[in-house]
Amino acid sequence: MVPRRAEASAPAKLILVGEHAVVHGYPALVLPFAGVRAFAELAERPGPAQLAAWGWQGALEAVPEQLAGFAECVRATLARLGEAPEGFVLRLSSEIAPGSGLGASAALAVAVVRALYAAFAQEPTHDDLTALAAVAERHAHGNPSGVDVAGVLASGPIRFVRDTTPQPLDPGGALHLVVADTGRPSATRKAVAALQQRLELEDEGVRSQLVRLGELADEACGALLAGDRRRLGQTLDQAQTSLAALALSDDALDALVTAARTHGALGAKLTGGGCGGCMLALAENAAHQDDLVRALEAAGARQVWRHTVIQERIPS
């Protein structure tokens with residue numbers, strides 16, 4: 001079948017609490033972040049399938065290392081569709097900076113799968129998207145928990161535990177978040193591997209902090225369901241303490257976290273892999289959200305976004 005022109009996108013994700021611990025089977029609180037998105041656009045082109053991104057274009061078999069996971073994802077998706085890798089060029093682009101901690105590779109992989117299914121007039125199931133995007137994620141992260149893909153695919157906040165079905169969470173009130181990028185890429189794969197090595201050496205300090213992060217994730221889920229912003233903010237601050245104890249924060253993240261707290265944030269912490277990348281802060285309301293944006297910009301953030309999670313339930 002000759003593919004037709006198609007395009008698709010996917011949002012970033014935010015881990016509120018539970019990064020790194022989620023790799024080891026503890027819960028995490030995660031949600032989609034539509035402030036930035038990844039895009040895949042497929043156009044007809046005679047001959048073997050090609051991938052194009054960041055100034056490079058060529059055959060799937062000749063992609064540079066940074067595109068290898070996406071080439072594998074393309075091949076796996078075409079195999080599931082029963083289609084040959086020919087007749088198109090797939091162009092990738094993203095507003096999500098690599099190493100930002102916002103799930104750049106997961107969002108791109110989901111966009112790739114959606115675009116390919118659309119090009120062959122099919123609709124992927126949630127399971128299709130999860131399994132096929134994981135092909136690229138394994139290449140990017142080595143031992144992914146699946147939390148990034150789950151966050152990208154979610155319609156709102158979820159409680160995520162590895163190898164289980166995500167649990168949707170309906171916030172008990174609006175959440176006003178601010179996300180800021182240090183401008184320094186995070187090496188998530190390296191950080192995950194370093195913690196794994198310390199665990200294999202029976203570092204009980206690492207284990208205790210991962211357990212604590214899992215506990216805090218469940219506390220955060222409870223606070224979110226209850227609409228208790230102050231308690232949620234406290235769990236964010238406590239999670240940052242544990243992440244810093246694991247050497248996952250750095251001077252740039254610490255500076256932004258401090259700036260947010262100085263200007264009244266209910267809580268602030270890094271999000272994602274750490275050692276660079278992004279942080280997030282919880283504001284009192286929309287006006288306070290604007291104050292935090294200005295404070296983080298003044299503190300040196302490369303880019304700052306507002307993100308509001310709206311309560312979906314109908315009050316009784």
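Buried means under 20% relative accessible area, exposed over 50%, and partly exposed in between, with a 1.4 Å probe and protein chains only. I begin my notes with that, then look up Phe33: at 0% relative accessibility, Phe33 counts as buried.

**Ground rules.** I am reading a predicted model, where local features need pLDDT of at least 70, side-chain atom pairs count only at pLDDT 80 or more, and totals for chains, interfaces and linings use all residues. Residues are numbered from 1 along each chain as its sequence is written, and side-chain values use heavy atoms, with hydrogens and water left out.

**The aromatic pair.** I count rings of Phe, Tyr and Trp (its six-membered ring) as paired if their centres lie within 6.5 Å; planes under 30 degrees apart are stacked, over 60 edge-to-face, the rest tilted. The count comes to one aromatic pair. Phe33 and Trp305 form it edge-to-face, at 5.9 Å centre to centre and 80 degrees between the planes. Phe33 lies in strand 2 (residues 28-48) and Trp305 in strand 11, so the pair ties together parts 272 residues apart in sequence. Trp305 is buried too, with a relative accessible area of 11%.

**The sheet.** I take helices (H or I, at least four residues) and strands (E, at least two) as DSSP runs, numbered from the N terminus. Two strands pair if DSSP finds at least two bridges between them. Four strands form an open, antiparallel sheet in the order 9-10-8-11. Strand 9 (267-271) and strand 11 (303-309) stand at the edges with a single partner strand each, so one side of each has no neighbour in the sheet. Strand 8 (residues 175-181) is joined to strand 11 by seven bridges. I traced one of them: Val179 has Trp305 as its bridge partner in strand 11.

**Thr271.** I find Thr271 in strand 9. Is Thr271 buried or exposed? Thr271 is buried, with a relative accessible area of 0%. A polar atom of its side chain lies 2.8 Å from the backbone oxygen of Ile15. Contact here means heavy atoms within 4.5 Å. Leaving aside neighbours within four places in sequence, Thr271 is in contact with residues including Leu14, Glu19, Leu102 and Met279.

**The cores.** A nonpolar core is a set of buried Ala, Val, Leu, Ile, Met, Phe, Trp, Tyr and Cys residues joined through side-chain atoms within 4.5 Å. The largest has 101 residues, and Leu102 is one of those with the most contacts inside it. Helix 2 (residues 104-119) gives the largest share of this core, 13 residues. Beyond four places in sequence, Leu102 is in contact with Phe33, Val179, Thr271 and Trp305, among others. I also note another core, lying apart, of eleven residues, among them Val22 and Ile158.

Technical notes:
A polar contact is a pair of N or O atoms within 3.5 Å; within protein, one must be able to donate a hydrogen and the other to accept it, and residues adjacent in sequence count only if both atoms are side-chain atoms.
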